[in-house]
Amino acid sequence: MTGTDETPLFTQFTAPDALPHGLAPALVDCWTEVSDAGGAAGFPFPPVDPVEVAAAVDRIVTGLDPAGSRLVVATVDGVLAGWLCLRRDPHPLVAHWGSLHHVQTRLGVRGRGIGAGLVRRAREIARDEMGLEQLRLAARGGAGLEDFYGRLGWREIGRWPGALRLAADDDRDEILMVLTPL
């Protein structure tokens with residue numbers, strides 16, 4: 001799980017007992033850092049409580065399953081640089097598509113293609129290993145995320161206007177996006 005010479009290494013985990021020692025706390029640190037910087041990764045009101053973040057990470061880790069939930073991490077020289085969750089709903093009506101959640105990179109490594117690499121790797125896993133036909137995600141408006149995902153082949157399919165209230169005078173759209181075919 002170590003990249004060398006600043007080259008990111010992308011690794012997936014499909015079971016809770018597969019995580020190496022120290023990865024869960026590194027996920028908590030990353031998520032806390034990203035959220036406290038205003039990142040759109042699931043905790044909208046900085047500063048976040050690391051205990052709440054740790055509980056959320058624990059729920060993700062304990063829910064890992066090869067068929068339905070995978071964790072994809074990026075490391076650089078053995079240090080966590082970013083991560084995301086790839087999920088499939090088991091219901092037969094929607095089991096052909098998956099969704100991305102909590103896409104994030106550490107602040108100090110942004111601009112190096114790590115986030116894009118994570119999303120590309122998730123696409124490969126979804127298509128080649130999980131047999132999915134499309135991916136979906138919801139992104140916070142006003143953060144430029146639709147442009148980021150658009151450069152990676154995703155397209156906007158709709159919005160929930162004003163769905164996210166970040167402050168009394170700051171409502172944001174929730175942007176619905178799809179990547180198909182994989």
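User: Which residues of helix 2 are buried?

Analyst: Burial is read from relative accessible area: buried means under 20%, exposed over 50%, and partly exposed in between, with a 1.4 Å probe and protein chains only. In helix 2 of this predicted model, Val53, Ala56, Val57, Ile60 and Val61 are buried. They cover an arc of only 135° around the axis, the arc being that of the directions from the helix axis to the C-beta atoms, which puts them on the same side of helix 2. On the other side of helix 2, Val51, Arg59 and Thr62 are exposed.

User: What do the buried residues of helix 2 pack against?

Analyst: Packing is read from contacts, that is, heavy atoms within 4.5 Å. The buried residues of helix 2 pack against helix 1, strand 3 and strand 4. Helices (H or I, at least four residues) and strands (E, at least two) are DSSP runs, numbered from the N terminus.

User: Where does a side-chain oxygen of Asp49 reach at the start of helix 2?

Analyst: A side-chain oxygen of Asp49 comes to within 2.9 Å of the backbone nitrogen of Val51.

User: What should helix 1 span, and which of its residues are buried?

Analyst: The expected span of a helix is 1.5 Å times one less than its number of residues. For helix 1 (residues 23-36), the 14 residues should therefore span 20 Å, and the end C-alpha atoms are 20 Å apart, which agrees. Its buried residues are Leu23, Ala26, Leu27, Val28, Cys30, Trp31, Thr32, Val34 and Ser35, and what covers them includes strand 1 (9-13), helix 2 (50-62), strand 2 (69-76), strand 3 (79-88) and strand 4 (97-105). Helix 1 is followed by Gly38, whose phi is positive, near 90°.

User: How many helices and strands does the protein have, and what is its radius of gyration?

Analyst: The protein has four helices and seven strands, running β-α-α-β-β-β-α-β-α-β-β from the N terminus on. The radius of gyration is taken over C-alpha atoms, and the globule rule is 2.2 Å times the number of residues to the power 0.38. With 182 residues, a compact globule would have a value near 16 Å, and the protein has 16 Å, which agrees. Of the 182 residues, 42% count as buried.

User: What should I keep in mind about the conventions?

Analyst: Residues are numbered from 1 along each chain as its sequence is written, and side-chain values use heavy atoms, with hydrogens and water left out. Because the model is predicted, local features need pLDDT of at least 70 and side-chain atom pairs count only at pLDDT 80 or more, whereas totals for chains, interfaces and linings use all residues.

Notes. A polar contact is a pair of N or O atoms within 3.5 Å; within protein, one must be able to donate a hydrogen and the other to accept it, and residues adjacent in sequence count only if both atoms are side-chain atoms.
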